[in-house]
Structure formats: C-alpha cells, structure tokens
Amino acid sequence: MTAERPQRVRVTGPPRRRPPRPRTREVDAESRLGSLYVRALVREQLWLGVRTLGVLAIGLGTLPLLFWALPWLAGVRLLGIALPWWLLGVVPYPLLVLAAWRFVWRAERNEDTFAELLRELDDER
Amino acid sequence: MTAAVWPGAVGVALVVVTTLGIGSLGLRLSRTTSDFMVASRSVPAFTNAAAISGEYLSAASFLGAAGLLLTFGADMLWYPVGWTAGYLVMLALVAAPLRRSGAYTLPDFAEARLDSAQVRTICSVLVVAIGWLYLLPLFQGAGVTLGAALGLPTWVGPAGVASIVLVNVTGGGMRSITLVQAFQYWFKLTALLVPAMVMLAVWLDDGRPDAAALGRTDFPTDVLAWSDPLAAGGSQGLYLTYSLIAATFLGTMGLPHVVVRFYTNPDGRTARRSTLLVLTLLGLFYLIPPVYGALGRVYAPELAAAGESDLLVLLLPRLVVPGLGGDVLTGLVVAGAFAAFLSTSSGLAIAVAGVLGQDVTGRTWAGRRLGGVAAFRLGSVIAVVVPAAVALGEPSAGVATTVGLAFAMAASTFAPLLLLGIWWRPLTPAGAAAGLVTGGVGSGLAALVTLYLDGTAGWVGVLTARPALWSIPLATAVMVVVSLLTRQPEAPHVRRFMVRLHTPEALDLDRG
C-alpha cells in the first residue's frame, strides 16, 4: 500500500446546460432574411410531409377503389391466401416503416441545412 | 363456460402484481408535478416508443380486431392498417412541431398557439369527451372478458380495472406509467404471438384443414364475401371503408393519451425517431390478429354466429390445443387482454386527469385551491369513476365499434386544430373555436345516435356509424372560413410560436 491518498474525483451527472451556442440573430431580430429562412424551412418540411402522405394516399388509399372497380381481384389467391389479405394484412406494414424512415431522414437533413445557413449568416457578421 | 378458470386467474393476478410492482417502483421516483404529467421529459426514444405502443394497443387491437376479422372478414383489416398509418400521418405533419410547442396537453397547445382562454376550455371539454368515449368500451369489454374467462359477474371487470388504474395513476403518474406501458407492449406481443405460433403448428399438423373439411359450414358469410375488402359492398361499402380510413389515419393524432405521450420525448428529433419505432412495433403486432381471424374461421365459426366474436382470442387456444397446453395458452391470452385493458385505460385516465387537474380541480373552489399533485389525483378519480359507472349501467357494445367513434371524434376536432395550428398562420381563435364545436357536435351526435338508437337503416345509419368522412372536412372548412372572416394582422406571438414549432432545439433562438 502506498501512502498516497487517492485522487479526488468529481462526481457529476451529464451537463445540464450545453456550452453557449452562437446566437442566431437574424431570426430573433425578425429581419427579412431571417423570417425568409424560417418560412423556407416551414415550407420545405410541409412539402416533405405532404409528399410522404401522397405516397400513403396512392399506395393504400386507392386500394378500396381498386377492389370496388375490379371485384374479381378479391378472389385471386396467392400461396393459398386471398389477395386482399396479403395487400391489407401484410404488405402495408413494411411500406409504412420504410416511408417513415425516409421521412425522418429527410426532415433531419432539412433542419441541418437550416442550421448551417444560419451559422453562415452569423459568421458573415 | 365450464372449462377451468385457473389459467386465466393466474395470468390476471400476475399482470396486476407486475403492474402495481413496476408502478410502485416509479412512485419512489415521482416527486414533482412534472414527473406526474410527463415523466419530466427524460424518457429515451426506445423506451418511449415501447410505452407509446403499449399504451396504444388497447383491447380493440388485442381482442376486437381478431373478432371483427372472424365475423366480417378482410374489410376489417382496415382497422389495424389505419391504426398504424395514423402514426405515419402524425409523424409527417405533427410529431416534431407538437413536441417543440412545449405544451403538456392539447388545451395547452391550443392556448399557446391561439392565446385564447375560450378555445382552451373547448379543448378541455373535448379531451374529456373523447377520453370517456374511449374508456367506456374498454371498461365494458373488461366486464365481458373477465366474465367469460374467469366466470365472474360482469360488474367485476369495470370495477376491477378502474380501481387498479386509479391506484397506479394516483400513485405514480406518468413516470411509473411509462415503465409499465413499455413492459406491457412486450408482454402483449408475447401473449398474442406465442399462442398464434402454437395454433399455427397444430393447424399444419392437422393437415391444414379448412372450415368445410371439419364439417363447420354454419359460417354466416361465404368465402368470397369474407375476403371482400369493402364492407357491405357497393357505394355504401366504399363510403364506410373510406370513412374508416379517414377516422383512423387522422384520429390517432387527436387522441388525448397519444398526444400526452409525445411530451415525454426530450426534443423534436427524439419525437420523430420514437414515432418511427412506434410504427415498427405496431406493424409487428398487427401481423398477428389476422392469424386468429383465419384460424377462428376454421375452428370456431360458431362464435361469429353467436355474436361473441370479441371473445375469439380468449377461447380459440383451448379449442385448438387440447389439455394442459391449451390451459397455459389461455392463461397467456387472458393476461394479455387484461394488460391491454389496463394500459390503454391508464393512459386515457392520465390524459383526462391532466386536463381536469389543470382546468377543473386545479381551479379555486369556494376560496380553496388544491396543489398541483393533489389536483391531479382528484382529477384522476373523476376521470375513472364516471366512465366506470356508465359501464356498470350499460354493460355491452362492440369494443372496436365504439373505439372507432372515439377516433372519429378526435379526427373531426383535434386533427384540424393541430394541422392548421402548426402549418397555417392565419388561423384565428374564433375560427378554431367554431371548427372545434362543429366537429365535436357533429361527430358527438353521430356517436350518440349509433350507441343509443342502433338499427337505423340506409344511408342515415351509414353516415352516423362512420361520421369521419363528412365531419372532418366540415370542421376543417368551418375553421378555415371563420378564420378568414375574422382575419387580423399577424400577432408577434404567432411568429415566435412558428419559430419554436419548426426550428431544431439545437439552435439558440428566441422561442417566446
């Protein structure tokens, strides 16, 4: 055993406050440029959401019409199971997850682009 | 039922003990009002996703979907598809901004966006109405389930579920419930999946019989109609199907217990990611009910004829697997069903109690004012006791049907409010109030007509049974038109609020 005392260790939780971030003055000051950027972000995100739902509407939303227009489809069997059970019971779920995954990825990228733009704007000052 | 009740009794006892056990674990961690209401917003995405799914998968999913599939066939697949797709709609247009709005409840969101006490009050009334409309079939279903599985009188179900929910909610609030819900997702998945696999194995071992091979030709609908994905066929069938799609796709975002869940995410990005995980978890779960529907058609067609299709999931394992194996599987599904009743009704009770605690019991009454936690506890007593009492007096209704009405009401009121509030700056308090009242009264009247005057034939019956397809556009149109008529110059707080809703939290912005 050594006579040395163990070193003091500071026991802390994860930092509650992040280090100070650059203030994004353009948006706060509601300059024309700042609000233009916010509006562009909102428009981009809305358009992304609408496109995602458009895929949903075309993929799933047209199925009732399809079965209404072509009733014989309900009798088609695939691997011993009728087509509607495949199209409504199995296929939608992986497609929904795929569409959601794509949306999350794109939405985060839009936000990153927006943050990048603001940072550049502040650097120019 | 003359079969042994012990497996179900053991299963239910285990669920109750586990629920209260995990709940009391949370009780030691819950200290502040924020803990009670949103678990202090410190739940990781995966736990939160499991909790959202666990809370969302109600008895309508666990029992109702399989039963509907047995009786009506493929058109009922729209229920599980819609219940899942609702989360994609929510993800695409609502999830992150809603979380970033920083509000606890839907009335909070309305007040923050519109700065109006009247709109807040209307929202509070609607949250309570939708919550009770959803709690009612759950309590009723609990009575029927426990009656069939354990041979208990019907009043035990509502009373038992209501008391356990009350103990859990008043005890630990959102923190303990989050852990309980996350656990219950995995439990419900197991409880539905394992018996389904065993029964499929038995069916393959039997040489894959169909109903005719077993001499069960007493099924009410023929094979072709059973695979028809349009209810009733023709133009009414088309309307019913699209109205169901509208209600489930848009209703999810307006359900009070789903919305409250989103505030427990740490930030907007986590909200999105947990929604993606929720979609995955729900998709996994909803692959199973069709298996019960199809096997039920082979082994238990008499349930559909007897109008007991809600019991299919509970009774099927014993009909397919003889002896002890069937008993054990029955215990599993009964426990899963009981967990489904508990988890959704806990979530709804919290949402309704949160609103009552802020807007009713938290107010000053006769010169006295309750503290935050005490008001929340009193609120949860009211939230649970009222629908339980109604369920005791009125013990029966199809679980999935009444739940469908709750979805329609949410879709006709909160869905337009959230969508326009988040994406459309000109929305005014007057417009929001007019739209909420229109949608609420329209879908509410349709629900009352369907629940209390059943048997209305023709288009009137069709339009009231599934109101969403007319009530959502109506409410949205009223909201837009009245907003345009009462249009004012854009207020600074609306600009600030839009910045808050749509910009990532990592940016240091003035969010009002």
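Predicted model: local features only at pLDDT ≥ 70, side-chain atom pairs only at ≥ 80, totals over all residues.
1. Side-chain values use heavy atoms, with hydrogens and water left out, residues are numbered from 1 along each chain as its sequence is written, and chains are lettered from A and ligands numbered from 1 in the order in which they are written.

2. One of the pairs to look at is Arg273(B) with Glu108(A), whose side chains form a salt bridge at 2.7 Å, N to O. This pair joins two chains, because Arg273(B) sits in helix α13 of chain B and Glu108(A) in helix α5 (residues 92-124) of chain A. Helices here are DSSP runs (H or I, at least four residues), numbered from the N terminus. Arg272(B) has a partner too: its side chain meets that of Glu111(A) in a salt bridge, again given as 2.7 Å, N to O.

3. Now for the interface of chain B and chain A, where the rule finds six salt bridges. It also finds eight residue pairs in polar contact, both residues at pLDDT 80 or more; a polar contact is a pair of N or O atoms within 3.5 Å, and within protein one must be able to donate a hydrogen and the other to accept it, with residues adjacent in sequence counting only if both atoms are side-chain atoms. On the chain B side, the elements giving two or more residues are α5 (78-93), α10 (223-226), α11 (234-251), α13 (268-286) and α23 (492-502). Of these, α5(B) gives the most, with 10 residues.

4. How many residues are in contact between the two chains? There are 53 from chain B and 52 from chain A, with contact meaning heavy atoms within 4.5 Å. The two chains bury about 4700 Å² between them, 71% of it on carbon and sulfur atoms; this is the accessible area (1.4 Å probe) that two parts lose on being put together, summed over both.

5. Within chain B, α5(B) and α13(B) pack at about 170° with their axes 10 Å apart. The two helices are therefore roughly antiparallel (over 145 degrees). Axes are lines fitted to C-alpha atoms, for helices over the stretch in contact, and angles run from 0 to 180 degrees between N-to-C directions. Among the residues making this contact are Trp83(B) and Tyr87(B) of α5(B), and Arg272(B) and Leu279(B) of α13(B).

6. Helix α7 (residues 106-114) of chain B is worth a look as well: its axis and that of α23(B) come within 8 Å and cross at roughly 125°. That makes α7(B) oblique to α23(B). Here Phe109(B), Ala112(B), Arg113(B) and Leu114(B) in α7(B) meet His493(B), Val494(B), Phe497(B) and Met498(B) in α23(B).

7. Lastly, the axes of helix α4 (residues 59-72) and helix α17 (residues 323-359), both of chain B, come within 7 Å and cross at roughly 125°. The contact includes Phe62(B) and Leu63(B) of α4(B) and Ala337(B) and Phe341(B) of α17(B).

Terms used
Salt bridge = Lys/Arg side-chain N within 4 Å of Asp/Glu carboxyl O. Parallel < 35°, antiparallel > 145°, perpendicular 65-115°, else oblique.
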